[in-house]
Amino acid sequence: MEKRKATIRFQRRRTLRLTAEEDARITQQSATAGISVSEYMRRLFFGGRPIIARTDDQTIRELRRLGGLLKHHFDVVRRTQSTATLTELDAALREVRRAIEALSEQQ
């Protein structure tokens, strides 16, 4: 079965002059967001859906997963009453939380 073509057909083309540095920057930013340069520019220009870097989203998910594993381990260690390990785990959990919050604020 053939894939259906997009319902929106772009009928006009505009030319935009950029320096080599600007072109490299826009290309890199669109790749980070996981979308084409054209789509990236349309979203910037028309204020469409927010541009969220795919890598940041994946990083946040992974940090949350690690935080959950640390929290589980924290409960296990708490039962053994090892204060040194509890202190280390608490610090690690706080760092994971800070990293998630920092990435969330950037978006």
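A charge sits over a ring if NZ of Lys or CZ of Arg is within 6 Å of the ring centre and within 35 degrees of the ring normal. Keep that rule at hand for a stop later on this tour.

**Before you start**

This is a predicted model, in which local features need pLDDT of at least 70 and side-chain atom pairs count only at pLDDT 80 or more, while totals for chains, interfaces and linings use all residues. Residues are numbered from 1 along each chain as its sequence is written, and side-chain values use heavy atoms, with hydrogens and water left out.

**The whole chain**

Show the protein chain as a cartoon. You will find four helices and zero strands, in the order α-α-α-α along the sequence. Helices (H or I, at least four residues) and strands (E, at least two) are DSSP runs, numbered from the N terminus.

Of the 107 residues in the protein chain, 16% are buried. Here buried means under 20% relative accessible area, exposed over 50%, and partly exposed in between (1.4 Å probe, protein chains only).

Contacts are next, meaning heavy atoms within 4.5 Å. Among those in the protein chain between residues at least 6 apart in sequence, 36% join residues at least 24 apart.

**Helices α1 and α2**

Select residues 20–33 for helix α1 and residues 37–46 for helix α2; the two pack at an angle of about 95°, with their axes 9 Å apart. Axes are lines fitted to C-alpha atoms, for helices over the stretch in contact, and angles run from 0 to 180 degrees between N-to-C directions. The pair is therefore roughly perpendicular, since angles under 35 degrees count as roughly parallel, over 145 as roughly antiparallel, 65 to 115 as roughly perpendicular and the rest as oblique.

To see where they meet, show I26, T27, Q29 and S30 in α1 together with V37, Y40 and M41 in α2. Then centre on S30. Is S30 buried or exposed? S30 counts as buried, at 2% relative accessibility. Leaving aside neighbours within four places in sequence, S30 is in contact with I35, S36, V37 and Y40.

**R42 and a ring**

Stay in helix α2 and pick R42. Which ring does R42 lie over? R42 lies over the face of F10, at 4.0 Å from the ring centre. Beyond its neighbours within four places in sequence, R42 touches F10 and G47. R42 is partly exposed, with a relative accessible area of 27%.

**The aromatic pair**

Searching the whole structure turns up one aromatic pair. Select F45 and F46: they are edge-to-face, 4.7 Å centre to centre, with 85° between the planes. Rings of Phe, Tyr and Trp (its six-membered ring) pair if their centres lie within 6.5 Å; planes under 30 degrees apart count as stacked, over 60 as edge-to-face and the rest as tilted. F45 is exposed at 67% relative accessibility, and F46 is exposed at 63%.

**Last stop: L66**

Move to helix α3 (residues 54–80) and select L66. L66 counts as partly exposed, at 35% relative accessibility.
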